[in-house]
Amino acid sequence: MAYKNDSLHVENVALAGLAMQHQTPLFVYSKAAMLSALAAYQRGFAGRKALICYAMKANSSLAVLQLFAQNGCGFDIVSGGELARVLKAGADPRKVIFSGVGKTKTEMRQALDAGIACFNVESIPELDVLNDVALSVGKVAPISLRVNPNVDPKTHPYISTGLKGNKFGIAHEEALVTYRHAASLKGLRVVGIDCHIGSQITEVTPYLDAMDRVLDLVANVEAAGIPIHHIDFGGGLGINYNGDTPPEADALWTQLLAKIDARGFASKQLMIEPGRSLVGNAGVCVTEVLYTKTGSDKNFCIVDAAMNDLPRPAMYQAFHGIVPCKPQPVRPAQEAIYDVVGPVCESGDWLGKDRALNVKSGDLLAVLSTGAYCMAMASNYNTRGRAAEVLVDGDMATLIRVRETAEDQMKMERML
Ligand code: LLP
């Protein structure tokens, strides 16, 4: 993303032109940025047996899935809906793994029918149900156990998943006994181990600690006579939202692979489930300034995007950069510190606090790093249609999602 000829561009396409053509709020993604994020992982795994399973919950738009499928990715899914989406986008089901703490029998049957690579199972009751479902359809379900390494990922509490108090995974101490149980069930085949300790992780140490804990378990489980064919190390690598400095994917994996090799597990297949780090910095949301308003304590810049489009600030007090689509002209009267807020009727509907802006009605702003967990978490609150999405590739911009209308929103409903 850069200013060219006084106008913010994604690759070679000006955001102002896209906003004129498709209106706002509008998500704009860069294909090159997604592929370059993927390339960092591919470099990290060069020469290894590894499968990158994009955690599609981060951004599940069909064209985004298509792009990753075409570039060799597998997918990490968490629902029957995600399975349907990813198959529609052309994914190879043999590269799909199914995570999540609450899979239903119907979802298990759908995934068995599709022939996915692995179910990441999170409890003994889930193992038993999956075993029953598999036997009832005459199949054997490939499984991995998601273990909870009890490592603090040092991120927001809502997106920490690998601590004892979290609902996720099987406690480290329970893992061996759970593997023995899984191995005893006829409808299951143990193929791997997995963990995922959290999201937006910007430090290396939690990953190194978690890897040590997982490799200890691999050794113990194999010593008990249960072979582990793959190690799935989850996702979680953070991105730069506000001066954050996460490690590059390839640099991180150089360190993790050294641990794997040192323990004699170099020949194991590796899997990972990155979401945010593949798409987060590849997207922006273009929004128009509707009004500026001077309050007694604060100034407000009211824009046409809101918490239903960009839920991360309201949910996690998350920071997203907000910049003008045209460099700000000198307009002394408008220069001020604003809270950037949306039109939704909630005080929690803010996109940025205390931002220095020089804006007036009609100006366009870009909310940065909105490729992950924005459109995928967007809602229709206040009967606001979900935004349109455009994917830019060099000079070319393709509309990959049309703006949702009020009619679209009401079509599933029935009058009395
Ligand atoms: N694998 C599993 C099992 C997960 O639960 C997640 C994310 C991922 C992979 C991908 O993690 P990533 O690489 O994207 O960090 N909505 C929150 C993030 C929730 C993450 C949930 N699990 C946010 O906007 O920050």
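Where is Thr-24 found? I looked it up in the loop between helix H1 (15–22) and strand S4 (26–30); helices (H or I, at least four residues) and strands (E, at least two) are DSSP runs, numbered from the N terminus.

Note on the source. The model is predicted, so I take local features at pLDDT of at least 70 and side-chain atom pairs only at pLDDT 80 or more, while totals for chains, interfaces and linings use all residues. Residues are numbered from 1 along each chain as its sequence is written, and side-chain values use heavy atoms, without hydrogens and water.

Entry on Thr-24. Leaving out residues up to four places away in sequence, Thr-24 touches Ala-19, Val-286, Thr-287, Glu-288, Asp-304, Leu-364 and Arg-403 (contact means heavy atoms within 4.5 Å).

Entry on the second largest pocket. I looked up what lines it by class: twelve nonpolar, six polar and three charged residues. Nonpolar covers Ala, Val, Leu, Ile, Met, Phe, Trp, Tyr, Cys and Pro; charged covers Asp, Glu, Lys and Arg; the others, Gly among them, are polar. H2 gives the largest share of this lining, six residues. Domain 1 (2–29 + 280–410) and domain 2 (100–272) both give residues to the lining, so the second largest pocket lies between them; the bounds come from an automatic or database domain assignment.
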